[in-house]
Amino acid sequence: MTISCSIIDDEPLAAQLLESYVKKTPYLELQGVYNSAVTAMRDLREQPIQLLFLDIQMPELSGIEFAKILPKDTKIIFTTAFPQYAVEGFRVSALDYLLKPISYQDFLRATDKALEWFTIAEKRDTYTRDRFMFVKSDYKLIRITLDQILYIEGLKDYVRIYLDTGEKYMSLMSMKKLEEYLPQPEFLRTHRSYIVHMTKVGAVDHLRIIVNNQYIPISDNFKDPVVKYLDSHTLV
């Protein structure tokens, strides 16, 4: 996978250093280097990129302000000499936050995180578009249609996938990995041991979801997105 990226930094030496790092990182493809968010604005609107290395303290328009008007598909790694901006940076959903002077080791750690994010997003988009996936079960690859999934149960290092056909399959996989790959909010984690296909929910009884006569708990740690989904589909 190749990730298109750009750099915005008003310090020429800092921008040059980041450019040298990008050029020696095989999965990054540099689209542009800018000395201000204002000069970059038109290019990034006409030709969006996937990843932006963005300085925070800049004249005219700060990195934080610029991040708020970027397309949501553009992910950000902030680069700054000021650690006090870290919390504000993560509030605009930055993938990472690099403190100057930036070593290549730290740069690579942040870009590896971006690569993982885009790889998962690409696979999730594929599952959403094609509506099926393959999972390993009993030494075979089993094709599972997303629309057939009722819910998924986590069992230590394994997951058990329950289908509306009555079939169920065990696979060596983590709940976290499966949660990342499945389209949301169609599939939601309701409990550390359960992911539910929300379109299959038949009823809700207090803090339990009922799917095909099976009662599935809703824990406090996962309650908010589940309640939000249920509220959005409730006639009051």
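Start by selecting Tyr 21, Phe 53, Tyr 104 and Phe 107, which make up one aromatic cluster (Phe, Tyr and Trp rings, the last by its six-membered ring, pair with centres within 6.5 Å; planes under 30 degrees apart are stacked, over 60 edge-to-face, the rest tilted). This is a predicted model, where local features need pLDDT of at least 70, side-chain atom pairs count only at pLDDT 80 or more, and totals for chains, interfaces and linings use all residues. Numbering runs from 1 along each chain as its sequence is written, and side-chain values use heavy atoms, with hydrogens and water left out.

Next stop, the tyrosines. The whole structure holds nine aromatic pairs. Among them, Tyr 151 and Tyr 162 are stacked, at 4.4 Å centre to centre with 20° between the planes. Tyr 151 has a relative accessible area of 6% and is buried (under 20%; exposed is over 50%, partly exposed in between, with a 1.4 Å probe and protein chains only). Tyr 162, at 15%, counts as buried too. Now show Tyr 194: its ring centre is 6.3 Å from that of Tyr 151 and the planes are at 50°, so this pair is tilted. Tyr 194 is buried as well.
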